[in-house]
Amino acid sequence: MSWCCCNRLSTSSSSVTSDLWRQFNVPCRISNVGLRQKRSVSAYYGLKTPPYKLDALEPYMSQSMVEIHWGDHHRGYVESLNKQIEKNDIFYGCTMDELIKLTYNNGNPLPEFSDAAQVWNHDFFWESMQPGGGDIPKLGLLQQIDKDFGSFTIFKDKFIEAALTLFGSGWIWLVLSREEKRLAIIKTSNAVNPLVWNDIPLIGLDLWEHAYYLDYKNDKANYVNVFMNHLVSWDAALGRMARAQAFVNLGEPKIPVA
Ligand SMILES: [Fe+2]
């Protein structure tokens with residue numbers, strides 16, 4: 001039986017330097033010529049819609065809760081990010097993943113990082129839930145959970161324990177670690193997410209107070225248990241796991257390599 005729970009925190013911010021592009025191997029669609037040109041683009045990133053109707057998670061997450069969380073908080077991160085990007089052409093053309101890695105700036109986050117990461121985190125959170133969620137994972141994901149945590153019950157207890165021991169605002173993640181080639185539970189503070197360490201997230205749970213206070217008040221334990229028992233989308237996690245295995249070899253090669 002084994003499991004992993006890491007607490008990873010952000011540090012202070014700094015300004016963009018002209019060496020930024022040489023520090024990261026991130027292929028944003030931008031040229032040196034483009035950096036010197038004045039752009040007239042006024043919007044960069046849009047607000048994605050959850051992959052279900054806003055009342056579809058009831059009674060476990062109310063329509064009012066989703067409307068405020070998605071329609072106000074999530075939208076606010078998108079609008080704030082776009083305002084910041086408007087002032088800084090250097091980020092034009094980055095995908096959200098690229099923008100997060102760039103603005104994390106090797107643990108010395110740039111001012112744009114928090115909004116960029118929160119936009120990505122919330123997109124991922126909505127897609128980590130589904131109507132009729134909960135139950136247990138299927139197929140290879142369940143086998144990998146059994147292998148890395150001992151059993152699904154142990155994993156579930158550890159995930160809930162991690163959520164309830166997170167200090168302050170942040171996120172709990174089930175990730176596939178590229179380096180360790182195993183599943184792990186990760187805690188992150190504020191907006192930080194596992195992309196900055198190159199881990200592959202499979203499930204993300206929002207533990208900012210705005211994520212649950214309207215429906216659950218101070219009862220964070222109830223919110224976390226309801227997420228695990230009725231909301232989490234193991235279908236989404238299974239799809240993410242299947243795609244992740246293109247990058248992380250979890251077993252013996254099925255096809256002999258010459
Ligand atoms: Fe949130």
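Trainee: What is the mean pLDDT of the protein, and how many of its residues reach 70 or more?

Mentor: The mean pLDDT is 85, and 80% of the residues reach 70 or more. pLDDT is the predictor's confidence in each residue, from 0 to 100. This is a predicted model, so local features need pLDDT of at least 70 and side-chain atom pairs count only at pLDDT 80 or more, while totals for chains, interfaces and linings use all residues. Residues are numbered from 1 along each chain as its sequence is written, and side-chain values use heavy atoms, with hydrogens and water left out.

Trainee: Where is the pLDDT below 50?

Mentor: Residues 1–27 have a pLDDT below 50, and in the model this stretch has 71 contacts beyond near neighbours in sequence. Contact here means heavy atoms within 4.5 Å. Residues 29–38 also stay under 50, with 17 contacts beyond four places in sequence. Where pLDDT is low, the predicted coordinates should not be read in detail.

Trainee: Got it. How many helices and strands are there?

Mentor: There are ten helices and four strands. Both are DSSP runs numbered from the N terminus: helices are H or I with at least four residues, strands are E with at least two. Along the sequence the pattern reads β-α-α-α-α-α-α-α-β-β-β-α-α-α.

Trainee: And what share of the residues count as buried?

Mentor: Of the 258 residues, 49% count as buried. Buried means under 20% relative accessible area, exposed means over 50%, and partly exposed is in between, using a 1.4 Å probe and protein chains only. As for contacts with a separation of 6 or more, 74% of them join residues 24 or more positions apart.

Trainee: Which residues touch the most other members of the largest nonpolar core?

Mentor: That core has 76 residues, and the ones touching the most other members are Met 61, Phe 155, Phe 159, Leu 205, Tyr 223, Phe 227 and Trp 234. Helix α5 (residues 113–126) gives the most to this core, with eight residues. A nonpolar core is a set of buried Ala, Val, Leu, Ile, Met, Phe, Trp, Tyr and Cys residues joined through side-chain atoms within 4.5 Å. In soluble globular proteins, nonpolar side chains tend to be buried together.

Trainee: Let's pick Phe 227. What does Phe 227 touch?

Mentor: Leaving out residues up to four places away in sequence, Phe 227 touches Phe 125, Ser 128, Met 129, Phe 159, Ile 203, Gly 204, Leu 205 and Val 232. Phe 227 is one of the buried residues of helix α9 (residues 220–231), along with Lys 220, Tyr 223, Val 224, Val 226, Met 228 and Leu 231.

Trainee: What covers the buried residues of α9?

Mentor: The cover includes α5, α7 (152–164), β4 (200–206), α8 (213–216) and α10 (234–244).

Trainee: Switching topic: which residues are the protein donors of the iron ion?

Mentor: They are His 69 (NE2), His 122 (NE2), Asp 206 (OD) and His 210 (NE2), lying 1.9 to 2.1 Å from the iron ion. His 69 in helix α3 (residues 63–86) and His 122 in helix α5 link distant parts of the chain, being 53 residues apart. Donors are N, O and S atoms within 2.8 Å of the metal (3.2 Å for Na, K and Ca), and water is not among the atoms, so sites may look incomplete.

Trainee: Are His 69 and His 122 buried or exposed?

Mentor: Both His 69 and His 122 are buried.

Trainee: What is the geometry of the iron site?

Mentor: The site is tetrahedral, with angles of 89 to 130° among its four donor atoms. Four donors count as tetrahedral if all angles lie between 85 and 135 degrees. Along the chain, the donors follow the spacing H-x52-H-x83-D-x3-H.

Trainee: Now the loops. Where is Gln 130 found?

Mentor: Gln 130 sits in the loop between α5 and α6 (139–149). Beyond neighbours within four places in sequence, its contacts include Tyr 52, Leu 57, His 230 and Trp 234.

Trainee: Which residues does a cis peptide bond join?

Mentor: The cis bond joins Glu 58 and Pro 59, with omega about 5°. Pro 59 lies in the loop between α2 and α3.

Trainee: Last one: what is the phi of Asn 106?

Mentor: Asn 106 has a positive phi of about 55° although it is not a glycine. Asn 106 is in the loop between α4 (96–104) and α5, and Asn 106 is exposed, with a relative accessible area of 63%.

How values were computed: Tetrahedral: all angles 85-135°; square planar, octahedral: opposite > 155°, others 65-115°.
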